[in-house]
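I opened the notebook for a quick look at a pair of helices and a couple of loop positions. Here is the model I had on screen.

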Amino acid sequence: MKNNRLRSIYTVPYTAWIVLFVLAPIALIVYYSFFDLTGNFTLSNYKDFFTSVYLKLTISSFWYAFLITLFSLLIAYPTAYFITKTKHKQLWLLLIIIPSWINLLLKTYAFIGLMGLYGPINALLDVIGIGKQQILFTDFSFVFVSVYIFIPFMILPIFNALDKLNPALIDASRDLGANSWTTFKRVIWPLTINGVKSGIQVVFIPALSLFMITRLIAGNKVITLGTAIEQQFLVTQNWGMGSTIAVFLILFMFIIMMFTTGKEKGVTGNGKNR
């Protein structure tokens, strides 16, 4: 009885946090989405979201989030795999994580300096005879910088999944005559898929709502749901439309979380899957 009472007391701060900083903001967003610029109740915001302008914006956001997630995965998986094979893997992992401690704005401005018309990258291109190129304010620069920023968050869950993998399973696969590709496809990949799903979740969802990197690195070349929300709230002062876009963004995030959350796969001591 006493333990149950203590457990109830311990859940109070957690419940208060969820209510005040998760449920209440979402409720406010939903509430404001039903009002127009003049403060009148309306459903037109939801109707407007399904017009060609916002549908194209949504497709564009998903496309860029997909590219960022894909390139992050293609780089992160082999990187995480090779780190698990190194002698000082925790040190290498720390070196990869350290850049994520630096303020995002500082990193973004650093890339502006590097990729600018008079930056070191263009200086190098000029020296080798290619000439100065417009690197900033392009799709390439936006995806490149975004991938750089999100890679540590993709590497971490994949590294954890690979590090937990029983080496005896790989040895058994090779003893049974499987080549490296078959071993990866039939043993390594299925047993680390939850790490991949977690990585996709922590990269795709924030990539869907980027706005600061979009503004500073891509300029007006790339417009995502995040930049659309920023424009509606800060430029046009249309809180109703901005809230409506945010409502759909939250729905998209929940759907993505449902698809990327799976049961943990593993192998028990007797060799059976659980």
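I counted residues as in contact when heavy atoms lie within 4.5 Å. This is a predicted model, so I kept in mind that local features need pLDDT of at least 70, side-chain atom pairs count only at pLDDT 80 or more, and totals for chains, interfaces and linings use all residues. Residues are numbered from 1 along each chain as its sequence is written, and side-chain values use heavy atoms, with hydrogens and water left out.

**Entry 1: threonine 42**

I found threonine 42 in the loop between helix H1 (2-32) and helix H2 (44-49); helices here are DSSP runs (H or I, at least four residues), numbered from the N terminus. Is threonine 42 buried or exposed? Its relative accessible area is 14%, so I noted it as buried (under 20% relative accessible area, with a 1.4 Å probe and protein chains only). Leaving aside neighbours within four places in sequence, I listed Ser33, Phe34, Phe35 and Asp36 as contacts of threonine 42.

**Entry 2: asparagine 238**

I then looked up asparagine 238, in the loop between helix H11 (225-235) and helix H12 (239-260). Asparagine 238 is buried, with a relative accessible area of 14%. Not counting residues up to four places away in sequence, asparagine 238 touches Leu37 and Gln232.

**Entry 3: H8 and H9**

Which residues of H8 meet H9? I wrote down Leu169, Ile170, Ser173 and Arg174 in H8, which meet Thr183, Val187, Ile188 and Leu191 in H9.

How values were computed
Helix = DSSP H or I, 4+ residues; strand = E, 2+ residues; numbered from the N terminus. Buried < 20%, exposed > 50% of the residue type's maximum accessible area, 1.4 Å probe, protein only.
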